[in-house]
Amino acid sequence: MTGGAARPREADYEWRGVAMGADATILFNGIEPQTARSAIAAAVAEIDRLEHALSLFRDSSELRRLNRDKVLHSPSSDMRRALALGLDIADRSGGLFDPSVQALWEAHVDWFAVAPEAGLPPEGVIAQARAAVDWRRIRIGPDTIRAGGDQRLTLNGLGQGYVTDRVADLLHFRGFKHILVDLGEQRAVGPRRGGAPWLVARANAAPFALTGGALATSEGAGCMLGASGTAHHLFDPRSGRSAAHWKRITVHHRSAAVADALSTALYAASAGEIEALLPRFKGTAIWGTDHDNRERRWISPPVDVTLR
């Protein structure tokens, strides 16, 4: 996931760090810095706890253990919730979101590692990887999570949003009312002091004015593969190839995890497919920028975001 950095006019306290492998920022408004600093320790601990469940970057994480053993016993509630959300979005998007696309990532990385200047992986390589891609083979049981066959799962398509939601909820529970949490996706816990929106910058466009809910952006250019950038990390599960309809997709939803998953899914969708899917996702706004920098918008109200 990639998105415009938060650009507020003012913040009384700003924390910067790393979450789920991405630069992270939490902005506090209308509060004493000392009070904000005391809350940051809890937020950082929550990020660390969630990465132990959801991250592909930690060898000991629940997700890494599931990929290694094909079964995860006694999964944490966060692992269960995050994966269940992924499977729900997969169902409602007709498989455009699929937590088992990790096999496609690995096939492309392995191909370009051997021959960085090579063209796209041949169809035989893609077909072999696609054999492991099918969200319907993932099973969440009472005490276990099981991957089907040789599947490898990833929650990168919603993990940043899920962690953003949990941190935002934690801070809101502690009484904070004017916060922007930016852990790769942005979620506003209320507007800035006095009701002014948080401004979230966009490339070559007016910023988003965010007073509530979350924004998530998917952009293929955020992670190019191969020396000449012949592929990127946002795969269409149907073809096994990098999706090509859009330059950028941004989604607003009250949940950062849902916005994150939808921006991933809809990056592989045509304009007509987005139109058809919109009724399944109430309270969603979508901005699609094509490769000629033309923007299309779809809105299923209510939403808490405007353009400046």
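Predicted model: local features only at pLDDT ≥ 70, side-chain atom pairs only at ≥ 80, totals over all residues.
**Exercise 1.** Find the order of the 8 strands in the open sheet, and state the sense of their pairing.

*Solution.* Start at strand 1 and step from neighbour to neighbour. The order reads 1-2-6-7-10-13-14-15. The pairing is antiparallel. Now look at the edges. Strand 1 (13-19) and strand 15 (295-300) each have a single partner strand, so one side of each has no neighbour in the sheet. From one strand to the next, it averages 15 degrees.

**Exercise 2.** Which residue stands opposite Ala188, and how many bridges join strand 7 and strand 10?

*Solution.* Locate the strands. Strand 7 covers residues 186-189, and strand 10 covers residues 213-218. They pair in the antiparallel sense over 3 bridges. Then go to Ala188. Its opposite residue is Gly213, in strand 10.

**Exercise 3.** Which strands does helix 6 lie across?

*Solution.* Take helix 6, residues 159-173. Helix 6 lies across strand 2 (22-28), strand 6 (179-182) and strand 7. Its angle to strand 7 is about 15 degrees.

**Exercise 4.** What is phi of Asn293, and where is Asn293 found?

*Solution.* Phi of Asn293 is near 65 degrees. That value is positive, and the residue is not glycine. Asn293 belongs to the loop between strand 14 (284-289) and strand 15.

Conventions: Residues numbered from 1 in each chain as written. Heavy atoms only, no water. Pairing = 2+ DSSP bridges. Helix = DSSP H or I, 4+ residues; strand = E, 2+ residues; numbered from the N terminus. Axes fitted to C-alpha atoms, helices over the stretch in contact; angles between N-to-C directions. Contact = heavy atoms within 4.5 Å.
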